[in-house]
Amino acid sequence: MTAEVRHRTVEVASGVRLHVAEAGPEDGPAVVLVHGFPELWYSWRHQMAALAARGFRAVAPDLRGYGDSDAPADQASYTVLHLVGDLVALIADLGQPRVFVAAHDWGAAVAWQLCLLRPDLVTALVVLSVEYHPRNPSRSPVQTLRAICGDEHYICFFQKPGVAEAEFGRCDIKCALKKFYGMRKPEPLIIPQGKTLFDSIDSDGTCPAWLTEEDIAYYAEKFEKTGFTAGLNYYRCIDLNWELTAPWTGVPIKVPTKFIVGDQDLTYNIPGVKDYIHKGGLKASVPNLEDVVVMEGVAHFINQEKPNEVSNHICEFFGKF
């Protein structure tokens, strides 16, 4: 399934313009699609076609620092407040008072915060892969990850400026992306002492069956231009985000929500996450959580691995509203 994709830029902050891809009727209800790491608007190409075919206006930005969007140099320009601000400005540009939002991976983290900070802008939300955790006032997220998974968890590894970039720089970019997208081991990504990031990933670097060499070439072209520092800065702002969002401690997310995850997803297999999702923790934090879908045999990059199924879930859920 394909749809004609329109491309434009939107100024979302002083000196920051986002590249935005769109499909479907401009007067259709807007669905903002928010990608993760290391991805682009292109990660939503299948869902854009499905949404457009059903009369929605699919709107997929390259987030700041990615693809053809601007990339501020300062690490502190990638806090969740900046990222939510970008989406607020994009929604204003669309000219609709409220939009639907679907989000994956880092995009999920941003979308959860958008719905926490500006629930007035979002009619309904579909989140893939990354569940919402309320702010723990007594311990930062990186401290929590270290306590659960140890210092060798990949997010802890990403905290060191320049170190992860050097690893990406030593690896052919197409091979690096194939290894990332091919991850299937249902457990947290740990980088043992003496091993490299890419040695620690279970993928062998062949192209996953659900991607083509042309898809990989598109991603590689964009990341060769931008590098990975901006995307890694999202991770490096995690504890700063925790400080900045202190005023919203204890506030539930009340936007109607559907959550979808693959049972092989590395995030779903962090100790404690399954119980949190299925035994009431997520529902307590997101009281209008209407459905949780666990897709069997599916790993992290779920919207590309199972495009038709994910598209149908998104279209059917938003169609209710």
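D151 is exposed, its relative accessible area being 55%; exposed means over 50%, buried under 20% and partly exposed in between, with a 1.4 Å probe and protein chains only. The structure is a predicted model, in which local features need pLDDT of at least 70 and side-chain atom pairs count only at pLDDT 80 or more, while totals for chains, interfaces and linings use all residues. Residues are numbered from 1 along each chain as its sequence is written, and side-chain values use heavy atoms, with hydrogens and water left out.

**Overall form**

- The protein has 15 helices and eight strands, which are DSSP runs numbered from the N terminus (helices: H or I, at least four residues; strands: E, at least two).
- Its radius of gyration, taken over C-alpha atoms, is 18 Å, close to the 20 Å from the globule rule for 321 residues, so the protein is as compact as a globular protein of that length. The globule rule is 2.2 Å times the number of residues to the power 0.38.
- The C-alpha trace spans about 55 × 45 × 45 Å along the principal axes.
- Of the 321 residues in the protein, 58% are buried.
- Contact means heavy atoms within 4.5 Å. Among contacts between residues at least 6 apart in sequence, 76% join residues at least 24 apart.

**Surface and charge**

- The accessible surface of the protein is about 12600 Å², and carbon and sulfur atoms account for 51% of that area. The area comes from the Shrake-Rupley method with a 1.4 Å probe; for residues, only the protein chains shown count as cover.
- The protein carries 30 positive and 40 negative charges, whose mean positions are 3 Å apart. Lys and Arg count as positive and Asp and Glu as negative, with His and the chain ends not counted; each charge is placed at NZ of Lys, CZ of Arg, CG of Asp or CD of Glu.

**Salt bridges**

- The whole structure holds 19 salt bridges, a salt bridge being a side-chain nitrogen of Lys or Arg within 4 Å of a carboxyl oxygen of Asp or Glu.
- R64 pairs with D86 in a salt bridge whose closest N and O atoms are 2.7 Å apart. This pair links distant parts of the chain, 22 residues apart: R64 is in the loop between β4 (57-61) and α2 (80-94), and D86 is in helix α2. R64 and D86 are both buried.
- K258 and D291 form a salt bridge with closest N and O atoms 3.7 Å apart. K258 belongs to strand β7 (residues 257-262) and D291 to strand β8 (residues 289-295), so the pair ties together parts 33 residues apart in sequence. K258 is buried at 8% relative accessibility, whereas D291 is partly exposed at 33%.
- D151 forms a salt bridge with R146, with closest N and O atoms 3.0 Å apart. R146 is partly exposed at 37% relative accessibility.
- A network of salt bridges links R6, R8, E22, E26, R57 and D93.

**Two residues in their surroundings**

- L90 lies in helix α2 and is buried, with 0% relative accessibility. Residues up to four places away in sequence aside, L90 touches V10, V12, V20, V32, V59 and P61. The C-alpha atoms of L90 and V12 are 6.3 Å apart, although 78 residues separate the two along the chain.
- Q159 sits in the loop between α5 (154-157) and α6 (163-170) and is partly exposed at 21% relative accessibility. Apart from neighbours within four places in sequence, Q159 is in contact with V142, Y235 and R236. A distance of 9.2 Å separates the C-alpha atoms of Q159 and I238, which are 79 residues apart along the chain.
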